[in-house]
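The sequence and structure come before the notes.

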Amino acid sequence: MEYRKLGKAGLPVSQLSFGTWITFGNQISYETAKELMVIAYESGINFFDNAEIYANGRSEEVMGSILKEVGWSRDSYAISSKVFFGSGGKLPTQRGLHRKHIREACDDALRRLQVDYLDIYFCHRPDKSTPIEETVWSMHQLFMAGKILYWGTSEWSAQEIMEAHMIAARHNLIGPVVEQPQYNMLHRQKVEVEFSQIYKTVGLGLTTWSPLASGLLTGKYNNGIKENYRLKRAELNWLAERNLVEENLTKVSELLNLAREIGTDLTRMAIAWCLKNPNVSTVLLGASKPEQLKHNLKAPDVVPLLTEEVMEKIENILKNKPIQ
Ligand code: NDP
């Protein structure tokens, strides 16, 4: 496993990491979740991602129980969680990026994960109803209290990230070092264009999500949808409507042929394509089955196959290169 820096931050993260959205505390059993964590850890993954909203806190609880059971040394892995959406409560005090929720959500995450500190704490979305200044101060205070080591944003705009940086610089506070955006062959704008300046200026790191566009880029939805696939889950209709469109399925079918031509499969090629981008610190993998994770962990072997010529063929299929 190769390790990369989280932007300008010193923390080394494995180029592939593992997240729990939809799966932990929801789609899969505790035993399967444990098997997945063990496979990930034993293959060199050192970064595990979570969020208060995932299964309304259950995902953090499951990960916490697994970490306790396996007993890995705390200095051998990094763990993240995210604040914004709450963990099921419907009251206005129970979500957002105001000082009260940030403090309470962090304490809840630490309790559920059974750890003393989070390595990275993400603001899961921007909160338009709270001044960014209050959020920056609140994250700084968690850092000062020893509850988090680094903090970052998820799906914030470049402008919002820069505003947080300017506030932090003005008051000598710890600013955000990492953003967690969606990044895959079908979703490129933010990573390739919007953030292009701030990789250098503020040294932004990226932990990118949905490398397989929720499984679409495995090609399995091109053969008819099976009941147990993510995009067939009733609560994820909105995600299926966004992804399972004719244009995407046509591109996937051409990508499947290209992957075969270069001697691999689309799943690994799609993950390797994310790894090719040097601004990506780590590609967050998701899996509902151990075989999936074992398969996906071989994606780095495919990076050398993505020559300039192959990358051009991919561009010709995707036809979505963002304008710089
Ligand atoms: P992917 O796009 O890689 O989707 C993962 C899903 O695809 C799996 O759960 C599985 O679903 C299917 N899959 C994976 N590998 C295979 C395979 N080899 N063969 C067939 N199917 C496969 O990643 P995620 O969307 O899960 O994102 C990864 C992580 O990123 C999340 O767990 C979370 O930590 C983070 N994230 C962050 C977000 C944010 O807003 N910050 C938003 C979303 C994710 P199934 O078997 O059910 O079909």
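Predicted model: local features only at pLDDT ≥ 70, side-chain atom pairs only at ≥ 80, totals over all residues.

Two strands are taken to pair if DSSP finds at least two bridges between them.

**Pairing of strand S3**
- Strand S3 covers residues 16-19, and 2 bridges join S3 to S4 in a parallel arrangement.
- Within S4, Asp49 is the bridge partner of Gly19.
- S3 is also joined to strand S10 (residues 282-285) by 3 bridges, and these two strands run parallel as well.
- On the S10 side, Leu285 stands opposite Phe18.

**Faces of strand S3**
- In a regular strand, side chains alternate between the two faces of the sheet.
- Leu16 and Phe18 lie on one side of S3, with Ser17 and Gly19 on the other.
- Both faces of S3 are covered, as all four of these residues are buried.

- Ala55 has a phi near 50°, which is positive although the residue is not a glycine.
- Ala55 sits in the loop that links strand S4 (47-49) to helix H3 (58-70).
- Ala55 counts as buried because it has 21 C-beta neighbours inside 10 Å, and the cut-off for buried is 20 or more.
- Asn172, also not a glycine, has a positive phi of about 55°.
- The loop between helix H6 (158-171) and strand S8 (178-179) holds Asn172.
- Asn172 is exposed because 7 other C-beta atoms lie within 10 Å, where exposed requires 12 or fewer.

Methods: Residues numbered from 1 in each chain as written. Helix = DSSP H or I, 4+ residues; strand = E, 2+ residues; numbered from the N terminus.
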